[in-house]
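Hello,

Here is the model for your set-up work. My notes follow below it.

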Amino acid sequence: MEDWKNVRMKKARKDAGLSQQQLADAVGATRQTIGLIEAGTYNPSLRLCTAICKTLGKTLDELFWEEG
Amino acid sequence: MGLIRKWREYMGPKDEYLEAKENKAVKVGYGILIVGTLLVLYYQIMLQQVSSVLDDPIYTALRDRLVPSSLLLAIAILVSGTAMTAIQARSGSTGSYQRFANVDRIPWDFVCFVALACGASIGVLSFVMRVLAEMQIVGFENVMWLPDIAIGAFLGGLGFVIGLVVYAGLFSSAIKRRHEIERELED
């Protein structure tokens with residue numbers, strides 16, 4: 001596991017009241033894939049990033065832009 | 001084409017992470033197969049060369065003492081297939097399609113269908129290849145149709161059983177591994 005975790009995506013998902021499985025179903029992925037993205041061990045494609053952002057009502061910058 | 005389209009519709013959309021894992025598994029298996037095939041080819045060339053230099057033709061009793069290159073090729077295919085299957089199982093998946101990506105139990109109907117397709121392919125292939133070999137060696141009029149059908153049926157049955165065991169084993173390992181991964185990636 002890498003050190004960098006996508007905490008913002010996890011927080012946005014929880015704020016939206018979705019489980020990993022519900023988000024996975026909404027974006028056409030598996031729960032494993034969503035978990036791995038949140039854990040920072042898998043870099044999703046732009047298509048999947050966009051689908052996640054649309055489902056969670058966030059922008060790409062808000063969820064995937066790495067500061068600094 | 002219609003059958004392939006229906007198959008894809010049945011299997012559902014692909015998951016990009018699982019697809020990436022599948023591509024990695026296929027890449028490793030392909031590498032093993034290419035290296036294995038090259039080694040077998042090299043072995044076969046050397047066998048013929050040494051046999052020729054020693055004036056001991058390969059198509060005599062000497063052949064019975066040699067390791068056949070077809071056996072080595074079969075081993076290379078088996079190793080590459082096993083490597084691909086093991087990598088897939090370790091990543092917690094059985095393929096890139098989503099239909100069976102989240103199952104918690106072995107889907108026996110699907111496993112039986114795949115094993116049946118595997119057995120039928122092996123059965124038909126065995127029959128056709130035997131007939132082709134006999135046509136060239138003993139002529140069309142002497143082809144032993146009934147024994148060939150019997151051998152095809154036997155090998156097809158064997159293929160079904162092996163396919164069933166291997167595919168069910170792959171599902172079982174993948175499900176266990178996926179549950180481990182999901183426990184690590186807490187919700």
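**Notes on chain B**

Phe127(B) counts as partly exposed, because its relative accessibility is 23%. The classes are buried under 20% relative accessible area, exposed over 50%, and partly exposed in between, with a 1.4 Å probe and protein chains only.

Before the rest, the conventions. This is a predicted model, in which local features need pLDDT of at least 70, side-chain atom pairs count only at pLDDT 80 or more, and totals for chains, interfaces and linings use all residues. Residues are numbered from 1 along each chain as its sequence is written, chains are lettered from A and ligands numbered from 1 in the order in which they are written, and side-chain values use heavy atoms, with hydrogens and water left out.

Overall fold. Chain B has 5 helices and 0 strands. Helices (H or I, at least four residues) and strands (E, at least two) are DSSP runs, numbered from the N terminus. The radius of gyration of chain B is 22 Å, well over the 16 Å that the globule rule gives for 187 residues, so chain B is more spread out than a compact globule. That radius is taken over C-alpha atoms, and the rule is 2.2 Å times the number of residues to the power 0.38. Of the 187 residues in chain B, 29% are buried.

Aromatics. Over all chains there are 13 aromatic pairs. Rings of Phe, Tyr and Trp (its six-membered ring) pair if their centres lie within 6.5 Å; planes under 30 degrees apart are stacked, over 60 edge-to-face, the rest tilted. Phe100(B) and Phe171(B) pair edge-to-face, at 6.2 Å centre to centre and 90 degrees between the planes. Phe100(B) sits in the loop between helix 3 (69-90) and helix 4, Phe171(B) in helix 5, 71 residues apart. Both Phe100(B) and Phe171(B) are buried. Phe127(B) and Trp145(B) form a tilted pair, because their planes stand at 45 degrees, with centres 6.2 Å apart. Phe127(B) is in helix 4 and Trp145(B) in helix 5, so this pair ties together parts 18 residues apart in sequence. Trp145(B) has 38% relative accessibility, so it counts as partly exposed.

Surface. Which residue lies in the loop between helix 4 and helix 5 (145-184) of chain B? Phe140(B) does. Phe140(B) is exposed, because its relative accessible area is 51%.

Best wishes
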